[in-house]
Structures are given as structure tokens and as C-alpha cells.
Amino acid sequence: MIHPASLTPADKLRDKLPVSLKRLADLAYNYWWSWTPERLSLFQTINPDVWDHCGHNPVALLEAVSYNRLTQLSQDPHYIKRVKALTEEFDRYMAAQDTWAHRVAPQISADRPVAYFCAEFGLHESLPIYSGGLGILAGDHLKSASDLGVPMVGIGLLYRQGYFHQRLNRQGWQEDFYTDNVFEQLPLELMKNAQGDVLAIELQVRHRMVKAQIWRVQVGRVSLYLLDTDREDNDPIDRWLTGHLYGGNQETRIAQEVVLGIGGVRALEALGIQPGIYHLNEGHAAFCLLEVARLEVQRTGKSFYDIEASVRDRCVFTTHTPVPAGHDVFSADLIDSYFASYWDQMGLSREQFLSLGARRLGDPWEPFGMTVLALRLCRSANGVSELHGHVSRKMWTILYPDRTEDNVPIGYITNGVHAPTWTAPLIGDLYTEYLGADWQNHATDPKLWAKVDQIPDEELWWRHQALKECLIAHTRTSVKQARQERGEDWEHIQAADRLLDPNVLTIGFARRFSPYKRGYLLLREAERALRIFGNADRPVQIVFSGKAHPADEEGKRIIQRLMEWCRQHPEILNRVAFVENYNIYTGQKLVQGVDVWLNNPRRPLEASGTSGQKVCFNGGINCSVFDGWWCEGYKMDANGKGLNGWAIGENANTSDQDLQDKIDSESLYRLLEEEIVPLYYDQDASGVSHGWVKMMKESIKTNAPAFNTDRMIADYVAQVYAPGTKSGLELTFASVPHAR
């Protein structure tokens with residue numbers, strides 16, 4: 001589809017680079033570089049200040065840095081060898097034919113790929129089109145699909161301003177603001193047709209015709225296509241349809257989901273891509289199913305009910321939301337205003353169309369549910385942990401009145417994380433030495449991870465300490481900059497340089513500051529928390545980070561309470577830090593540098609969670625309630641004591657939220673006082689806690705082979721994309737059969 005005479009953005013950038021550095025352009029335009037061991041310094045070495053200023057965007061860096069600096073590097077034989085070695089590895093990776101997927105599932109082919117739809121993708125901090133866990137999971141999904149050679153394309157939206165940026169004012173209150181993404185300076189390519197014109201699709205939104213152009217992001221072997229309505233030939237209102245992620249009202253939300261779902265299918269058609277499978281990651285993209293059905297009705301001339309089974313056979317669905325209120329629903333009036341001319345094209349009446357999204361058929365006040373639509377028109381549905389699968393089956397029994405709860409056709413595939421992305425290169429280097437140079441290609445093998453026991457305690461300890469120092473340096477820099485921007489007094493600004501201590505037990509808590517995440521739990525009993533954090537002999541410190549949704553006043557208040565608590569108690573002022581404007585870069589520093597990862601949501605509201613999984617790859621230890629993935633990850637000894645982490649609140653569960661908070665906070669304080677703190681500070685003369693390192697190794701050995709996206713993708717291939725496939729990987733989890 002691309003005009004042969006047209007130059008790609010990578011071609012244009014390559015022309016600006018010295019001969020020995022030209023291949024940097026190929027690396028800059030493919031996010032594969034971001035999960036290599038060279039990711040820390042390959043581009044940063046060129047100019048560290050510019051690298052930080054441009055948000056770690058390699059394209060913007062190479063465009064901004066002086067030609068003089070580039071020519072200096074072009075004469076550095078060491079740097080040239082690094083570039084040459086990495087590009088040779090990149091070429092081998094991209095050219096590989098005998099991939100895992102090619103061997104085990106050849107029926108998933110490049111001419112009939114999996115089309116993976118999601119509202120957000122978290123690939124790297126330089127492409128800010130994500131808000132949190134759903135997007136990070138989607139990004140990791142694409143990366144492992146690339147590594148395993150699964151033919152896949154991603155479909156999403158390219159947001160002009162993405163998710164909001166966060167800053168705290170002097171009162172500790174979150175303020176939200178937005179900045180423009182300059183697409184031409186990002187690792188993106190605007191797609192063009194055979195004549196060299198910008199490729200665009202058209203669809204009806206709000207009774208107007210809207211055009212969306214298509215951008216491509218390369219994620220290793222996988223292409224991610226992003227739709228953008230910010231075009232001069234669109235109405236000014238419609239240009240902002242792809243302005244913000246999760247912004248605006250219900251009108252904005254349904255319009256975005258029309259662009260993602262219906263527009264996404266049309267984009268694939270315009271690109272000449274014919275998916276064998278449509279995978280909906282969460283219900284935001286469920287309108288995709290309607291467009292697949294409409295096209296099939298038009299192609300065959302048959303009725304919707306005659307082609308319904310063939311549509312269902314090509315579509316699969318993953319749900320991430322464990323409570324009914326979290327699923328997108330739209331009023332019948334809103335559906336009328338967007339689809340009044342659409343259902344006729346599907347050969348349906350209004351009532352028939354609305355019934356596709358109705359939980360209770362025949363109820364005129366029943367809203368149109370995106371998850372309901374997905375469950376009705378997909379052959380496979382799964383939750384994202386064993387517990388979430390159970391919760392989802394219970395939640396959606398209403399759709400299956402002829403089935404018992406256990407037989408509701410919603411299975412589970414537990415989430416994982418992309419090990420090369422989240423494992424610190426310093427730890428990855430250790431794995432290379434003791435597990436083997438190709439450890440990343442065998443991340444699902446428990447026997448490989450058993451070799452962690454061979455790593456000397458001192459070696460693992462000092463490397464983790466180095467990563468903790470890096471986290472603390474990042475925290476100090478971020479806090480100092482935030483205080484300067486708030487115009488705080490000079491002494492308080494300079495005090496940021498004394499924030500935290502590398503020798504102190506460090507807890508990390510970073511996630512969306514929604515009330516159910518209970519960011520306040522550790523501080524529930526202020527005096528007891530003060531005794532723990534302010535202990536002169538065995539102190540504890542914590543790093544918080546995360547955003548509250550702009551409309552979540554209660555979440556913002558939780559952040560403010562944390563800030564107020566620190567100001568009121570100067571004795572722990574240097575023991576508690578809040579890193580503003582949480583992003584992937586800060587997330588990596590946290591999961592790689594903390595000793596303990598704290599997770600204490602209300603049960604069972606954490607569908608899976610993946611941040612704690614990232615911690616495990618770096619030797620961190622989880623302290624979590626029994627929810628999401630931790631129900632599967634937590635291991636105990638014969639005496640009921642945690643081997644690889646700690647469980648908060650045991651299995652206590654009550655509908656009385658205040659009582660549950662009391663039970664869980666008491667359990668957390670007890671764990672810190674009686675188990676976590678004593679174990680950490682039981683150190684030998686060289687400052688190493690061998691008991692702690694033993695638990696670090698258990699955390700790695702038990703969790704790394706199970707909770708990675710290579711295992712997750714293998715599960716999707718074997719159970720969802722190509723059911724019955726023998727994967728050849730050590731599959732840890734089995735799903736409930738996806739019967740229909």
C-alpha cells in the first residue's frame with residue numbers, strides 16, 4: 001500500500017546521520033531497542049541532557065542533537081561497535097522465520113493475523129498514550145507476541161494530549177494539566193496509499209462524517225496502528241475525539257469507542273489486513289464486533305442471525321473489570337443518536353440492535369453494555385487471574401440463565417509482564433552469568449529459574465542496593481524539581497537531597513490513587529505508623545507515586561492526606577516521598593529498586609495487577625492482600641509462613657469497609673513489626689541479610705516462570721487463538737473451558 005518512491009521517516013532521519021551511525025535511525029523507529037540491555041545508554045550517551053529533555057524519545061534526540069556531537073561519536077570505535085552489534089542482533093531478530101509461533105501454531109499467519117484492540121498501549125514513556133495497568137499490559141502483550149513470533153497487529157488511538165499530567169500544589173492537592181504530543185517528532189509513521197497520499201478512513205460520528213488517519217508504531221515484529229482524527233478537514237469538535245485518553249463525558253467516551261471499534265476495523269481493511277482473529281482487550285473496542293458483522297452481512301447478503309456464528313468464531317474477548325459499575329454502559333438514547341442509521345445496515349431493528357448490549361432482554365430502560373456485547377458476540381471470554389475468572393462468572397450469570405455459575409463460559413488467563421522490559425539490566429546481567437546468556441528466551445522454564453540459588457547472596461544484595469540507590473536518586477531529583485516549580489522556600493528545596501536513605505528498608509506503593517486501592521491504609525493508625533517509620537535503629541521508608549483520575553475527588557484527597565501527614569511529622573519527613581506524574585520510567589525505577597512492594601486494595605477489586613510481578617524479576621518481595629494474581633503467586637511453608645512474600649489480612653473478608661480496613665491495617669503493622677523489619681535488619685558484618693536474600697530468591701524462582709507474558713501469550717495461543725495447540729512452553733495455568 002505504500003508508495004515506493006516515498007521516503008519513510010526513518011529514511012529521512014537516516015540521511016541526516018553520519019555514515020557509521022545511520023543504523024541508529026532504524027533502531028529509533030522500532031521500540032525493540034527499549035527491551036535490550038543497551039537501552040540505558042545507547043541513546044543517552046549521545047547527550048544525556050537532551051535525552052532527558054525530550055522524554056527519552058530517540059527520534060527527537062537524534063533530530064535535536066548537534067551534528068558536531070554526532071560526528072564525534074561517529075569516530076568513537078567503541079560506540080560504533082556497540083551500534084553495529086546491536087543492529088546485527090536487530091536484523092537477526094527481525095529476519096527470523098523459525099519462531100516459536102511458526103513451529104507450534106502455523107495456522108496463525110501473517111496474512112491472517114491476530115488483531116489486538118485496546119484503548120491504550122503502554123510501550124515506553126516516550127509514547128504517552130497510556131494511563132495505567134491496562135495499557136502497560138497491552139504493550140507487554142505486543143512485545144511478547146513479537147518475541148514469540150505470533151503474527152499480530154495492534155489497533156488503538158493516537159491521543160493528541162494523552163492522559164493528563166499531574167502536579168501537586170503547596171496544599172498537596174493534585175492539579176491536572178495537558179501538553180501536546182508532537183507526532184512528527186515521535187517514533188511514528190503516517191501511513192500513505194499507493195499514490196503517496198495520506199491514508200484515511202471515514203465513519204459517521206454524531207451525525208457527521210469524520211476522517212481518521214492512521215499512524216504506525218513498530219514494536220519489534222509487530223505493527224501497532226493508531227487512529228487520529230486531528231485533521232483539518234474534520235469539524236473542530238471531531239478533531240478532539242482523539243484528544244484525551246479517558247477524558248470528557250459519556251458523549252466523548254462513546255464517540256471514541258466508535259472510532260476505536262468501527263474505525264479500527266475499517267483501518268485494517270484500508271491497510272489490506274484481513275485478521276483471522278479479533279481480540280478485544282477490555283470492552284472499549286466492542287463496537288468492532290458490529291462492524292465485522294455489518295461487513296459480513298453486506299458481503300454475503302445474509303441476515304445478521306445467519307452470519308452471527310461466523311462473526312463469533314473470529315472474535316475473542318478479555319475482560320479486566322471485577323465490578324459491574326466499572327463496565328462501560330450507554331443509555332438507549334445515546335445509542336440512538338450514534339447508531340440510528342447503522343442498525344439498518346446490519347439488517348436489524350432498533351429493538352434487535354439494543355438487545356445485543358442488554359443484560360435483561362425486553363427491559364426498555366436497560367442500558368447498552370459493552371461487556372455484554374462482547375460476551376454475546378465472542379466465542380471466547382476470559383478474566384485475567386484465577387480469582388477474576390471466578391468473579392466474572394458470578395457477575396455475568398444473568399446472561400446465561402440455563403447454566404450454573406461454574407459453567408458460565410468465562411475462563412481465565414492470568415496476566416504476566418514482559419521480562420526483558422521490566423528486569424533491570426544490572427539484574428539481567430546477573431541472570432546471564434548464572435542462568436545462561438539466553439535466559440530471556442526461556443523465561444517460562446522453572447528449571448532455569450531454580451539456578452537463582454547459585455547466585456552468591458552478596459552479589460544479588462549489592463546489585464539490588466545499587467538499584468535502590470538509583471531509585472532514591474530519581475526520587476530526590478523529581479521531588480526537588482517539583483518543589484522548585486511550586487516556588488517553595490530554598491531550605492525545603494535543598495532538603496530533597498537528604499530524602500530517603502539507601503541503607504533503609506524501602507517500600508514501594510505506586511498505582512492509580514482510586515479509593516479502593518487504599519493508599520491511606522499504611523497510615524490508618526498514625527502513631528503506630530510513626531513508630532515504624534521513625535524507629536531510630538530499624539527505620540522504614542516508603543516511596544509513593546500515582547495519579548487520581550481528574551474527576552476522582554476522593555482519590556485526590558488521599559494524596560493530599562499523605563502530604564499533610566508528612567508535613568505534620570518532621571521526624572519522618574525524609575522517610576516518605578511522593579513522586580509526581582507517575583509514568584513508565586518512574587515505574588521501572590520503583591519496581592527495580594524497592595525492597596518490598598505494597599498492594600492493599602479492597603478484595604476482590606484487583607482483577608490481576610502486574611506491578612508486583614515486575615518486582616519479582618528484580619528480587620523485590622511482595623506484601624499484598626489475597627487478590628488478583630497474588631492468590632496464585634503466594635507460597636507458604638508447612639507452618640503457614642510466607643516463603644516468597646507476605647499476605648495481608650489472611651483470608652479475612654467482610655462487607656463492613658471500616659472493619660476490613662482495621663483488620664488489614666492491623667495485619668500490615670504486625671507483619672512489618674514482627675516479620676519484615678526484623679528479617680531485613682538481621683544483617684551480617686558486611687551488611688547482608690542472608691534471610692532476606694533467601695526470600696528474594698524464592699520470590700524470583702516461584703514467580704518469574706509463571707507471571708511473564710511469554711507464558712501468557714502461549715496460553716492465549718493454546719487456549720484462545722488456536723485452541724488445542726501444544727505450545728512447547730511450560731504452561732502454568734489452565735483456563736476454564738471456553739464453551740458456548
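The legends below describe close-up views of a predicted model.

**View 1. The nonpolar cores of the predicted model.** The largest nonpolar core holds 146 residues, and those with the most contacts inside it are L24, F43, F287, F339 and Y721. Helix α10, which spans residues 250-270, supplies the largest share of this core, namely nine residues.

**View 2. The surroundings of F43.** Leaving aside residues up to four places away in sequence, F43 touches L24, L27, A28 and W33, and also W51, P58, L61 and L62. Both F43 and L24 are listed among the residues with the most contacts inside the largest nonpolar core.

**View 3. The crossing of helices α8 and α29.** The axes of helix α8 (residues 133-148) and helix α29 (residues 709-721) come within 9 Å and cross at roughly 80 degrees. Because angles of 65 to 115 degrees count as roughly perpendicular, α8 is described as roughly perpendicular to α29. From α8, the residues L137, D140, H141, S144, A145 and L148 take part, and they meet T709, D710, M712, I713, Y716 and Y721 of α29. By type, the residues of this contact divide into seven nonpolar, three polar and two charged.

**View 4. The open six-stranded sheet.** Six strands form an open sheet with parallel pairing, in the order β17-β16-β15-β18-β19-β20. Its edge strands, β17 (576-579) and β20 (645-648), each pair on one side only, and the twist from one strand to the next averages 20 degrees. Within the sheet, strand β18 (residues 596-599) pairs in the parallel sense with strand β19 (residues 621-625) over four bridges, and L598 has C623 in β19 as its bridge partner.

Notes: Residues numbered from 1 in each chain as written. Predicted model: local features only at pLDDT ≥ 70, side-chain atom pairs only at ≥ 80, totals over all residues. Heavy atoms only, no water. Core = buried A, V, L, I, M, F, W, Y, C linked by side-chain atoms within 4.5 Å. Buried < 20%, exposed > 50% of the residue type's maximum accessible area, 1.4 Å probe, protein only. Helix = DSSP H or I, 4+ residues; strand = E, 2+ residues; numbered from the N terminus. Contact = heavy atoms within 4.5 Å. Axes fitted to C-alpha atoms, helices over the stretch in contact; angles between N-to-C directions. Parallel < 35°, antiparallel > 145°, perpendicular 65-115°, else oblique. Nonpolar A, V, L, I, M, F, W, Y, C, P; charged D, E, K, R; others polar. Pairing = 2+ DSSP bridges.
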